Amino acid sequence: MRLTFFGAARSVTGSMHALEVGGVTVLLECGLFQGRRAEAAERNRRFPFPPREIAAVLLSHAHIDHSGNLPGLVRAGFRGTIHATEATVDLAEVMLRDSGHIQESDAEFLRRTRGERVEPLYTVEDVERTLPRFAGRPYGAWFPVGPGVRARFHDAGHILGSASVEMEASEPPRSVRIVFTGDLGRRGLPILRDPSPLPPADVLLTESTYGDRLHPPLPDLERDLAEILSGCARAGGKIVVPAFSVGRTQNLLYVLHRLYQRGEVPRIPIYVDSPLSTRATRVVASHPEIFDAETRAILGSSGSPFYFREVRYLESKEESMGLNGAPGPMLILSASGMCETGRILHHLRHALPDPRNLVLFVGFQAEHTLGRRLLEGASFARVLGADVPVRARVVSMEGWSAHADREELLAALAPRASGAQVAFVVHGEERAALALAGGLRDAGFRRVEVPSRGEAFRL
Ligand SMILES: [Zn+2]
């Protein structure tokens, strides 16, 4: 029995781990590697194993860094089943189609601007051939994955449908319980149920995104948002929120709905201006069976936290551009979350020069992105080819993170310290992964490994 770490090893993107048991190989995640263009193209195109020999994929959740190279895998010959929770299957459909379009238009852009003959990593057609390979599984129910391997999903409380994966692998006379955290969420996140306790494991794989950091507590965010809304209404300004389409957008709508219902803030109009966010919100709204009790109660009493009077979902480019000259106050939720592409760019271009406006970041801003430059206090920003003065206020509320922080990770993992033979720390920048590994050793884990890419371990 062997476990090999092919991606998200001492890094956070391109999650991919392989379990070999009794002659079959099962893949855990098949994420898109995102980084410098040449390296990303190379890594995403070349699988370190023959894809047609993979028996099945277990997918923890729909985020692209976990699911985004599934169409590439199918394009390269994979013919097995992709197991995921039912909500993840629905979200993955929306996200992979979007990713297929992006792959095609990126390749087209390079052809047009540089004359390079570039094949897309995969096409929308590859995505359509991938979708029928998904099998939706309810939380908590065992299902067969291959000879000698079965698995079940537990709620990870990270995004809709997210799961920790419990596997039982037998090579008689041995049987090994392997638990992979997936991306672990947090207690008290809007809409989602709290993460289920991790089941006992012989072998543990844990994410470590925030393995060296702590988040501010959640209630402050609600108060801060109320203050921002009131200020914006007084000044007649615009609040522009670059937000990831899945998770953050719905969380924000939920909190806005709650503030509006309680009458604590002026009910300014809200525009959701991203086709992907609109589709993702539709999927989220269609899975009330996995909402937490509080959200189900709201649905029963004061209506949908995603579709209320002040919210409008914009479809066409014209509607979107129409907001540029429209007077505030208003709140615009648009993508992409790090301000690299998408409709958010023209909103920023028009909003940044006006001191009445405010740009609100609710997610992590990676290095070398426009979002990061704005957060770091740039006085001018290059947006859509123009140098724009930054006079709008720029505010960050990173505590909206859907990832457990160091303390929450350790609290979830510590009860498994005495039973586990080994814990592998993955899905974190090196510093975060090593910091969490130290914490796990202090918590009593006998053996903790921080694998490098390509490293294999006999179980
Ligand atoms: Zn995630």
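Ile 239 stands opposite Leu 358 in strand S16, where strands are DSSP runs of E with at least two residues, helices are runs of H or I with at least four, and both are numbered from the N terminus. The model is predicted: local features need pLDDT of at least 70, side-chain atom pairs count only at pLDDT 80 or more, and totals for chains, interfaces and linings use all residues. Residues are numbered from 1 along each chain as its sequence is written.

Strand S12 (residues 238-242) and S16 (residues 358-361) pair in the parallel sense over two bridges, pairing being assigned if DSSP finds at least two bridges between two strands. S12 also pairs in the parallel sense with strand S15 (residues 330-334), over five bridges, and there the bridge partner of Ile 239 is Leu 331. Beyond its neighbours within four places in sequence, Val 241 is in contact with Leu 252, Leu 331, Ile 332, Leu 333, Leu 360 and Val 362; contact requires C-beta atoms, placed from the backbone, within 7 Å.

Val 241 is also among the residues that touch the most other members of the largest nonpolar core, which has 128 residues. Such a core is a set of buried Ala, Val, Leu, Ile, Met, Phe, Trp, Tyr and Cys residues joined through C-beta atoms within 7 Å. Helix H4 (residues 86-114) gives the largest share of this core, seven residues. The core lies between domain 1 (2-213 + 402-458) and domain 2 (219-400), because both give residues to it; the domain bounds come from an automatic or database domain assignment. Taken over C-alpha atoms, the centres of the two domains are separated by 29 Å. In the interface, 15 residues of domain 1 are in contact with 16 residues of domain 2.

Seven strands form an open sheet of mixed pairing, in the order S6-S5-S4-S3-S2-S1-S22. Strand S6 (134-137) and strand S22 (456-458) are the edge strands, each pairing on one side only. Strand S5 (residues 81-85) runs parallel to S6 and is joined to it by four bridges, with Ala 135 in S6 as the bridge partner of His 83.

Methods: Buried ≥ 20, exposed ≤ 12 C-beta atoms within 10 Å, placed from the backbone. Contact = placed C-beta atoms within 7 Å.
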